Amino acid sequence: MKSRKVEWTRLDNASKIFPATYDDKDPKVFRVTCELTEDVHPKVLQRALDITMESFTLYKAVLRRGVFWYYLESSDIRPIVEMESKPVCAPIYFKDRKDLLFRVFYYHNRINMEIFHALSDGTGALWFMQNMVHHYLMMKHKKAFACKIPELQNNVSLSEKMNDSFKRHFTGDHVFQDNLKNIKKIKSIKAYQIRGTRLEENRTLLIEGSMSVKAVLEEAHKYKSTLTIFIASVFIYAIYKGMTARGKKYPVTLTVPVNLRQFFESETARNFFTTINVGSIFTKENVEIEEIIAAVKEGFKEGMKKEQLAKQLNQYIALEKNLVAKVIPLPLKDYALRIADKVIDREITGAISNIGRITMPLEFDHYIKQFSFCTSARRPQITMCSYGDRLVISFTSPFKETEIQKTFFQFLSKRGIEVEISSNV
């Protein structure tokens, strides 16, 4: 009997933090959902998943621990579609098991896919979901598409999908030495921390609001703001309204993932993102939304400069390529990353992530209602995406309290935006 050839791939730069810092409180899992206009047929979805796996070979891998680095090892495990039975964003990676790093399941008319973040970022996972939904609808409604076959999106080569774009765009600038010189100059600024009563068994509270993209954009444009800046500002405003007088001496800071594919040529289905921080400092008693928007807008303006992002990318890779860092055993690397993660955590109040506008072939519009995106949370955070005129804003939180979510959605409702709320509680 011929043995299977085992292949391995080293984790990309952004992925290394996730195996080192995941835990039961934050398993580093995120979910992409496609909500159809009809119930899901599980056998057809299984066939669609099987076909999609052939185009995303990275997803056939399990995560292994080496002496110095984590790596992905090819596997012949077949992912099986199941009915939803686990809590939202339940743990996927367990260091003592050889399991795939994602799962696909369904519930009534919803197709869900959850991923351990070391495998891919939101953009890469969305490409997988779009391909899978494409194959599903083509098989489920093959008669409807007999005369015209919709074009498959993100149809790039396997080598492009597997590309490590961090290394591809590393320029080799001498930034590691510069980092060492400047490390003492960096001062950690403690941000306001949201407290609450944790849910039992480290479950995640999910509250979703669906609304018109056009209506939200019209409101954002009144403040000469983009949709992302506007929603981030309303999130900060909702946090501010619940802060104590003592708490207001600390800034409210949101961390924002930035899709580097917008700035550097890449078709990778792996992680290729960085983060920036935006926020507001409250220097007076009553703060209006306009002031918060101005502060957030300035934070985006500075953080989203291509030269700044390129410098950040080079800093990450230069540290990884340093000879000393290479020979440090993996347990010590993990320990150092956990310490760094705790330090960074003090500087963050919440998080917001916008996957952006999702497109599918027009022929599928009749069968797709909306897409949504959410992630496990160590603190309240927002994720959002849109499909057609349907914007879905997903709030996840480890806490039972919902005052921030209530204030957030009431702010939008009071401005004439109709919001359809759903929750997992």
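This is a predicted model: local features need pLDDT of at least 70, side-chain atom pairs count only at pLDDT 80 or more; totals for chains, interfaces and linings use all residues.

Reader: OK, and how many of the residues are buried, as a percentage of the chain?

Author: Buried residues make up 52% of the 425 in the chain.

Reader: What radius of gyration would a compact globule with 425 residues have, and what does the chain have?

Author: For 425 residues, a compact globule would come out near 22 Å, and the chain has 22 Å, so the two agree. As for the box, the C-alpha atoms fill roughly 70 × 55 × 40 Å along the principal axes.

Reader: What share of the contacts with a separation of 6 or more comes from residues 24 or more positions apart?

Author: That share is 75%.

Reader: How many helices and strands am I looking at?

Author: The chain has 13 helices and 15 strands.

Reader: Let's go to the strands. What's the order in the open sheet?

Author: Five strands form that open sheet, in the order E5-E6-E7-E2-E12, and the pairing is mixed. Its edge strands are E5 (82-83) and E12 (368-375), each pairing on one side only.

Reader: Is E12 enclosed or open to the outside?

Author: Largely enclosed by the rest of the structure, because seven of its eight residues are buried.

Reader: And how many bridges join E2 to E12?

Author: Seven, and the two strands run antiparallel.

Reader: What about E2 and E7, parallel or antiparallel?

Author: Antiparallel: E2 (residues 29-36) and E7 (residues 110-116) pair over seven bridges. There, phenylalanine 30 stands opposite isoleucine 115 in E7.

Reader: Got it. What do E3 and E4 form?

Author: A hairpin, with four residues between the two strands. Five bridges join E3 (residues 61-65) to E4 (residues 70-74), and the strands run antiparallel. Alanine 61 stands opposite serine 74 in E4.

Reader: Switching to helices: how far does H3 reach from its first C-alpha to its last?

Author: H3 reaches 26 Å with its 19 residues, close to the 27 Å expected at 1.5 Å a residue. This helix is mostly covered, with 17 of its 19 residues buried.

Reader: I clicked on glutamine 130. Which helix is that in?

Author: Glutamine 130 belongs to H3, which covers residues 122-140.

Reader: Buried or exposed?

Author: Buried: the relative accessible area of glutamine 130 is 6%, and the cut-off for buried is under 20%.

Reader: Which residues does glutamine 130 touch?

Author: Leaving aside residues up to four places away in sequence, glutamine 130 touches Gln153, Asn154, Ile358, Thr359 and Met360.

Reader: One more helix, then. Which residues of H13 are buried?

Author: In H13 (residues 403-413) they are Ile404, Gln405, Phe408, Phe409, Phe411 and Leu412. Looking down the axis of H13, those buried residues fall within an arc of 150°, so they line one face of the helix.

Reader: And what covers the buried residues of H13?

Author: The cover includes two helices, H8 (227-241) and H9 (289-303). Strands E8 (205-212), E13 (381-387), E14 (390-397) and E15 (420-423) are also among what covers those residues.

Conventions: Residues are numbered from 1 along each chain as its sequence is written. Side-chain values use heavy atoms; hydrogens and water are left out. Buried means under 20% relative accessible area, exposed over 50%, partly exposed in between (1.4 Å probe, protein chains only). The arc is that of the directions from the helix axis to the C-beta atoms. Contact means heavy atoms within 4.5 Å. Two strands pair if DSSP finds at least two bridges between them. The radius of gyration is taken over C-alpha atoms; the globule rule is 2.2 Å times the number of residues to the power 0.38. The expected span of a helix is 1.5 Å times one less than its number of residues.
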